[in-house]
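Open the model in your viewer and keep the selection panel at hand.

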Amino acid sequence: MGKGEQGEEWDGVRNYQARNFMREMKIGDRGFFYHSQTEKAVVGLVEVIAEAHPDSTTDDERWECVDIKALWPVKTPVTLEMIKADPRLADMVLVRNSRLSVQPVTKDEWAVVCALAGISD
């Protein structure tokens, strides 16, 4: 996870809904780092360090991204199965659309996932 304090672009997102969620992000917003390809689990926390700007990996003006930096890994990875099994997270976007790379998390969902991960935010 990560490039240290300088962070890096969350680039390569080519989904309009995900891009629109990034456009809503503000500096200091925190998020979960979720491995979607392999273990399908929340493995760390990240923080937005630059608001939406053109994605440097394309000349297509439609695509924007934010910059993020890694904060810390979770103590216990929170798997998609754990999330789906927890009734408190039944309405989480991840449960309904685990393929969307950027998605909102409510304050209550954040607290539940942090508790499952063994961290306090």
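**Stop 1**

Select Phe-32: with a relative accessible area of 16%, Phe-32 is buried. This is a predicted model. The structure holds two aromatic pairs. Phe-32 and Trp-110 form a stacked one, 4.1 Å centre to centre with 25° between the planes. Colour by element to see what the pair links: Phe-32 sits in strand β2 and Trp-110 in helix α4, 78 residues apart.

**Stop 1**

Centre on Val-113. Beyond residues up to four places away in sequence, Val-113 touches Phe-32, Val-42, Val-78, Leu-89 and Met-92.

**Stop 2: the largest pocket**

The largest pocket has a volume of about 1200 Å³. Its lining counts 41 residues, and Trp-10, Phe-32, Ser-101, Val-102 and Gln-103 are the closest to its centre. So Phe-32, buried at 16% relative accessible area, turns up again here, in the pocket lining.

Which element supplies the largest share of the lining? Strand β2 does, with five residues. Next, highlight β1 (8–9), α1 (16–24), β2 (30–35), β3 (41–54), β4 (64–79) and α4 (107–117): each supplies at least two lining residues. Colour the lining by class and you will find 21 nonpolar, nine polar and 11 charged residues.

**Stop 3: Lys-40**

Finish in the loop between β2 and β3, where Lys-40 lies. Is Lys-40 buried, partly exposed or exposed? Lys-40 is partly exposed, because its relative accessible area is 37%. Show its contacts. Leaving aside neighbours within four places in sequence, Lys-40 is in contact with Tyr-34, His-35, Val-78, Thr-79 and Leu-80. Last, draw a distance from the C-alpha atom of Lys-40 to that of Ser-56. The two are 16 residues apart along the chain, and their C-alpha atoms are separated by 27 Å.

Notes. Residues numbered from 1 in each chain as written. Predicted model: local features only at pLDDT ≥ 70, side-chain atom pairs only at ≥ 80, totals over all residues. Heavy atoms only, no water. 1 Å grid on protein atoms, 1.4 Å probe; cavity = no way out; pocket = protein on both sides within 12 Å on 5 of 7 lines; lining within 4 Å. Points joined across faces, edges and corners; volume = space filled by probe spheres on them. Helix = DSSP H or I, 4+ residues; strand = E, 2+ residues; numbered from the N terminus. Nonpolar A, V, L, I, M, F, W, Y, C, P; charged D, E, K, R; others polar. Phe/Tyr/Trp six-rings, centres within 6.5 Å; stacked < 30°, edge-to-face > 60°. Buried < 20%, exposed > 50% of the residue type's maximum accessible area, 1.4 Å probe, protein only. Contact = heavy atoms within 4.5 Å.
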